[in-house]
Amino acid sequence: MKKIAAALLALVLCLGCLTSLAAEPVAKENIKLGVILLHDEFSTYDLNFINGVNEAKEALGLSDEQVVIIRNIPESNECYETALDLVDEGCNIIFADSFGHESFLLQAAKEHPEVEFAHATGTTAHTENLPNFHNAFASIYEGRYLAGVAAGMKLNEIKEAGKLKGETPLMGYVGAFTYAEVMSGYTSFYLGAKSVCPDVQMKVQFTGSWYDEKEEKAAAEALIALGCDLISQHADSMGAPTACENAGIPNVSYNGSTLESCPNTFIVSSRINWAPYFEYMINQKMAGEAIDIDWTGTIATGSVVLTDVNEQAAAAGTAEAIEAVKAEFAAGTRHVFDTAAENFITVGGAPLTSYMADVDTDAAFTPDTEAVADGYFHESEYRSAPYFDVRIDGIELLNQMF
Amino acid sequence: MTANHTPQVREPLVHLSRRTEFSPLRAWGVRLAALVLGLIVCGLAAFLLIEKLQQNPGRIGDFYYAFIKGSFGTSRKLWKMLKNLSILLCIALALTPAFRMRFWNTGAEGQTLMGVLGAIAVDFYFGGKWPEALLIPVMLLAAIIFGGVWGLIPALFKARFNTNETLFTLMMNYVATFVVSYFLVIWVPSGSSSLAKLKYGKLPSVVNDYFLIILIALLLTIGLYIYLNYSKHGYEISVVGESVRTAQYVGISVPKVILRTMLLSGMLCGLTGFLIGSGLDQTITTESVGGQGFTAIMVAWMGNFNPLMMILTSGLIQILNQGAAQISQDFNVSGALPDVIVGIMLFFVIGCEFFINYQLHFRRAQSKEAVR
């Protein structure tokens, strides 16, 4: 009797597995998206996700009940508990927005193969290779580069007017951590500027926090005092833009427009739009198709976007120049990390011809993948999350923060 | 308070006197009334703050139901509430011996975090190399030592130099945070400072992942109740708390009691750190304790430093927390709303203790009494 029961149970389990593996189309009214956020709308980072979710919800015509947003979930077991709560609520796609959520979301994904789990900025989905666990990011380095072009043109304008603070143009950058995502960001920004203003230099000051308005403001002020002609930042508060507006120094922003608070100094801002990813996941689910294990949003998918250029602060012709570079990206004739161009990317005076990047995360963080090929560094191609962490000439790190 | 009650002196509108007789039944009546009043004010605040409620006032039922749903909606939520209650209770229990001694230990956050660090450090270096049956006890031991040392340092200064323990223990919280940051930089060379969940060193699952934690909290509550009320140590703690001079007079070595009690306090925080590190997270961030070390101070005070009462106060706070989070989820409102709701409720719950302990005398009533 026991044996028969066991056999039956095994059969039921197998059938259960089979039905979950063969992806069935899900009707639109049965879609339910659960979103786990590290903070809430007071952080520009999380706000960007909330806006993305709402945009996707509207575009696809989902009802309020079909989207559940859970705020203020720390990077701990609570993320796992919350994910399981969302499974109980009947969510079939569960998304978490913070880097440290990843291993806890993965644990939930292993226990619930019938539910899709997606994670922004994560690095392990491509090595875990579970059909229901996904990473996503965007080629934001392209957006940074475009913003850098706007910065470079502004510097040229200041230079021609003879108003440079030093002999050569100098930019300041407020970064959160000395981490690949930030390093990839400031390097692409610098290269964008350098592409139009070849003698530009940059100083980077790290704050050691993703959100610390006071620190970010102080860092920006310190950079201005060091003689920077223009400031940009990769941190989530209004600290740096405010410092720039107060000092009348042009600012290239991030995560969205700061035009309203900084009408005289805001030039342009790049950001990741997450709506295309949410729409993509839901559409795949409705079509019964698999969701990519590792998905990189691009300018073409609408994931990397720039705000309108503020004509009052930007150099003349900035918007047109950005469009021209964008077209070159689309055509494949220009690459952000162009290692073939003369005097563009150098390390210790020598051109960058080879670099082993840490793409597959392991406990020792060993570099494992050659990223330089065909004359450029292949960022976000082997996995969605950035892995460019080369320290190139022209950029001086004033401190380091891990 | 020796006010001169002669008619020439203008009397204050209200004055206070300590209640001498107040039956426990009436006291509980006042507490219940405060809870109900708090819920009503929460409802009013919700109307002001939640647009969806303004558009559809009928959903006020959902609003109150969320308090129940948050902790009792599914069996998973119930277990989670019991587990959260247990962790918070353990930290509050750890504080209690020190508090009974009037040693204001505000460092439970840091002592617990150091406990997590001790457990995770052992896990990080020896996980997978040692069998789990050895690894987990060593993690426990390391957690207790780390927490104990972190509690002992301010006690040493207090016993030796009579430093202010409130400021000292508070400062140690920040030091603990930076010690954890320091190790995260070493352990995670990529620079993200985010240590992925470790594969080893998980407290075994008995019944479910939470049962063992709940059981330990229960045993700790009973154990501490007995220790404080029926042991010589417990008596010494009470005497030192009542009066240091009395303690010296009857021959109790005050520095010894301070050191011993703070060591115990820190070790119990360390034990809780082990429950968080090994029982739940298997990783560490600077936020691993998440402010519970401070909430526990409130739990201990509200529970009158009585371990059995603290089960109730800890439960109340967890039910409020989970209910408020449920409201934020159901109404899709900002993460600040739960804080507002919990704040209002605690205002009433704590505030009512004032009216239980003191009586208000208004001027007119007072003058009548004077005539009499």
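**Labels and their grounds**

Me: Why does B:Leu320 count as buried?
Reply: This is a predicted model, and the label rests on a neighbour count. B:Leu320 has 23 C-beta neighbours inside 10 Å. The cut-off for buried is 20 or more. Therefore B:Leu320 counts as buried.

Me: Where is B:Leu320, and what does B:Leu320 touch?
Reply: B:Leu320 sits in helix α13 (residues 307-330) of chain B. Leaving out residues up to four places away in sequence, B:Leu320 touches B:Val342 and B:Met345. B:Trp130 is 190 residues away along the chain, and the two C-alpha atoms are separated by 41 Å.

Me: What makes the phi of B:Gln282 worth a note?
Reply: B:Gln282 is not a glycine, yet has a positive phi of about 50°. Most residues other than glycine have a negative phi. B:Gln282 lies in the loop between α11 (254-281) and α12 (292-302) of chain B.

Me: Is B:Gln282 buried or exposed?
Reply: Buried. There are 27 other C-beta atoms within 10 Å of B:Gln282, and the cut-off is 20 or more.

Me: Why is A:Asn72 called partly exposed?
Reply: A:Asn72 has 18 C-beta neighbours inside 10 Å. Buried needs 20 or more, and exposed needs 12 or fewer. The count falls in between, so A:Asn72 is partly exposed. A:Asn72 is in the loop between β2 and α3 of chain A. Its phi is positive too, near 60°, and the residue is not a glycine.

Me: How do you know that β1(A) and β2(A) pair?
Reply: By the bridges. Pairing needs at least two. β1(A) and β2(A) have 4 bridges, in the parallel sense. In one of them, A:Ile36 is partnered by A:Ile70 of β2(A).

Me: Which way do the residues of β1 (residues 33-36) of chain A point?
Reply: A:Leu33 and A:Val35 point one way, A:Gly34 and A:Ile36 the other. All are buried.

Me: How do you know that the length of α6(A) agrees with that of a helix?
Reply: Compare two values. At 1.5 Å a residue, the 21 residues of α6(A) should span 30 Å. The expected span uses one less than the number of residues. The end C-alpha atoms of α6(A) are 30 Å apart, so the two agree.

Me: What makes α6(A) mostly covered?
Reply: 16 of its 21 residues are buried. Just after α6(A), A:Gly162 takes a positive phi of about 70°.

Me: What does the largest nonpolar core hold?
Reply: It has 120 residues. A:Val35, A:Ala150 and A:Ile231 have the most contacts inside it. Helix α6 (residues 140-160) of chain A gives the largest share, 10 residues. In soluble globular proteins, nonpolar side chains tend to be buried together.

Me: Why is this core said to lie between domain 1 and domain 2 of chain A?
Reply: Domain 1 (24-138 + 274-297) and domain 2 (140-273 + 302-397) of chain A both give residues to this core, so it lies between them. A second, separate core has 92 residues, including B:Cys90 and B:Val240.

Me: What does A:Ile231 touch?
Reply: Not counting residues up to four places away in sequence, its contacts include A:Gly172, A:Val174, A:Leu223 and A:Ile249.

Me: How many residues does each domain of chain A bring to the contact between them?
Reply: The centres of domain 1 of chain A and domain 2 of chain A are 29 Å apart, taken over C-alpha atoms. Domain 1 of chain A brings 23 residues to the contact and domain 2 of chain A brings 19. The domain 1 side divides into 9 nonpolar, 13 polar and 1 charged.

Me: What makes up the contact between chain A and chain B?
Reply: 29 residues from chain A and 25 from chain B. On the side of chain A that touches chain B, α3(A) gives the largest share, 5 residues. That side divides into 12 nonpolar, 8 polar and 9 charged.

Terms used
Residues numbered from 1 in each chain as written. Chains lettered and ligands numbered in written order. Predicted model: local features only at pLDDT ≥ 70, side-chain atom pairs only at ≥ 80, totals over all residues. Domains from an automatic or database assignment. Contact = placed C-beta atoms within 7 Å. Nonpolar A, V, L, I, M, F, W, Y, C, P; charged D, E, K, R; others polar. Core = buried A, V, L, I, M, F, W, Y, C linked by C-beta atoms within 7 Å. Helix = DSSP H or I, 4+ residues; strand = E, 2+ residues; numbered from the N terminus.
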